[in-house]
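This report covers the sheet of one protein model and a few residues around it. Please look at the sequence and the structure before reading on.

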Amino acid sequence: MPSAFITGGSSGIGFAAAWELALKGYNLALFARDASRLLAAREALLEAAPSIDVEVLAVDVANREGFVDALETAIDNLGPPDMAIASAGMAEPGLFKDQSFEQHRRHMDVNYFGTLTFIETLHAPMAAAGGGRFGLIASGAAFFGIYGYGAYAPSKFALRGLAEILHLELESANISVTLIYPPDTDTPQLAAEKRTKPSATQEISEGGGLWQPEDVAARLIKGMEAGKPVVTPGPQMLLLNGLSSLIAPILRWHQRRIIRKHEAK
C-alpha cells in the first residue's frame, strides 16, 4: 500500500490533501503541532477510509531535531513515502517597521527551513525505495514584493528557489518536486492572517478569489502525479507565473497607488 507524509496535516490544505490521498488508499503520516487536532483528523480519515493506517506525530517543523525524529519514526512505521507534502506554514502580515527580527526568523524557520528539513530527511530513503514525489506550497507573494509581507514573502521566495533547484537535482533519483502557488484559500491560516493584515495589503492581495482547500489540494496532487514543476490554480496565478518579471514595474505602481490611498485615510 502506498504512503504519504503530510506536514500541517491536521487542517487546511494539508488535511484536504490527506483526505484525497486516504480515499485513494494511501497510508498516512500527519505532522502538526496540536496533538488534539491531529487525533481528530485521524479519526475523520479512518472513518472515511477504514482500511488505511494513519500515524499522527505532534511536532513543530521548526524544531529540527524533534522533526527529524518524528520523520524517522514515520519511516520506521510506514516506510519511505511515495508522496510527501510540506503544507505546514505561517503568515503574519505587518509592516517592516513594526515586525521584530524574531518574527522574520520564525517565518523562515517554519516556511523555509521546516520544508528543507522535510526534504533533506526524506529524499535519500525515498530514492533508495525507487523514488517519489514532493509537493511544496508557495504563495503569490513569492512572485513579487507585496507591501505588508516583509517577513512572509522572503520565506516563500526562498522556497521557490529551492523547489526550482531540487526539481532538477532530484530528477536522477526518480524524485519529482512540484511547487503550487495557491490563491487565498479558506483555511485557519488565512483567518489568522487577516488579524494583522494591513488594509492596503488586503486590497493588494484581492483578485484571485477565495479557493477551498479541497480544490487546491486536488490541483496539487494532480500536478504531483504528473511530475509537474509548477501548479498555478486560477488565472491570476497563471498570469503571475508567466509574466511576473515583465509586469513587476506595473505591480509596484499599482501597489504605490493603493498605499498612498490608505496612508491618506
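The text below describes a predicted model, beginning with the sheet and moving on to single residues.

**The sheet**

Seven strands form an open sheet with parallel pairing, and their order is S3-S2-S1-S4-S5-S6-S7. Strand S3 (54-58) and strand S7 (230-231) are at the edges; each has a single partner strand, so one side of each has no neighbour in the sheet. As a general point, strands of a sheet pair through backbone hydrogen bonds, in either a parallel or an antiparallel way.

Strand S1 (residues 3-7) and strand S2 (residues 27-32) run parallel and are joined by five bridges. Within this pairing, Ala-4 has Leu-28 of S2 as its bridge partner. Strand S5 (residues 132-137) and S6 also run parallel, and six bridges join them. Here Arg-133 stands opposite Ser-176 in S6.

**Strand S6**

How many of the six residues of S6 are buried? Six of six are, and the strand is mostly covered. In a regular strand, side chains alternate between the two faces of the sheet. In S6, Ile-175, Val-177 and Leu-179 point one way, while Ser-176, Thr-178 and Ile-180 point the other way. The residues of both sets are buried.

**Loop and surface residues**

Asn-174 is found in the loop between helix H5 (152-169) and strand S6 (175-180). Most residues other than glycine have a negative phi. Asn-174 is not a glycine, yet its phi is positive, at about 65°. Asn-174 counts as exposed because its relative accessible area of 53% is over the cut-off of 50%.

Gly-150 lies in the loop between S5 and H5. Gly-150 and Gly-94 are 56 residues apart in sequence, and the distance between them in space is 7.2 Å, C-alpha to C-alpha.

Asp-69 belongs to helix H3 (residues 64-78). On the surface, Asp-69 gathers with Glu-65, Glu-72 and Asp-76 in a patch of negative charge.

| Residue | Relative accessible area | Class |
|---|---|---|
| Asn-174 | 53% | exposed |
| Asp-69 | 43% | partly exposed |
| Gly-150 | 28% | partly exposed |

Conventions. Residues numbered from 1 in each chain as written. Predicted model: local features only at pLDDT ≥ 70, side-chain atom pairs only at ≥ 80, totals over all residues. Heavy atoms only, no water. Patch = residues over 30% accessible without salt bridge, like charges linked within 9 Å, V, L, I, M, F, W, Y side chains within 5 Å. Areas by Shrake-Rupley, 256 points an atom, 1.4 Å probe, with all protein chains shown as cover. Salt bridge = Lys/Arg side-chain N within 4 Å of Asp/Glu carboxyl O. Lys, Arg positive; Asp, Glu negative; His and termini not counted. Charge placed at Lys NZ, Arg CZ, Asp CG, Glu CD. Helix = DSSP H or I, 4+ residues; strand = E, 2+ residues; numbered from the N terminus. Buried < 20%, exposed > 50% of the residue type's maximum accessible area, 1.4 Å probe, protein only. Pairing = 2+ DSSP bridges.
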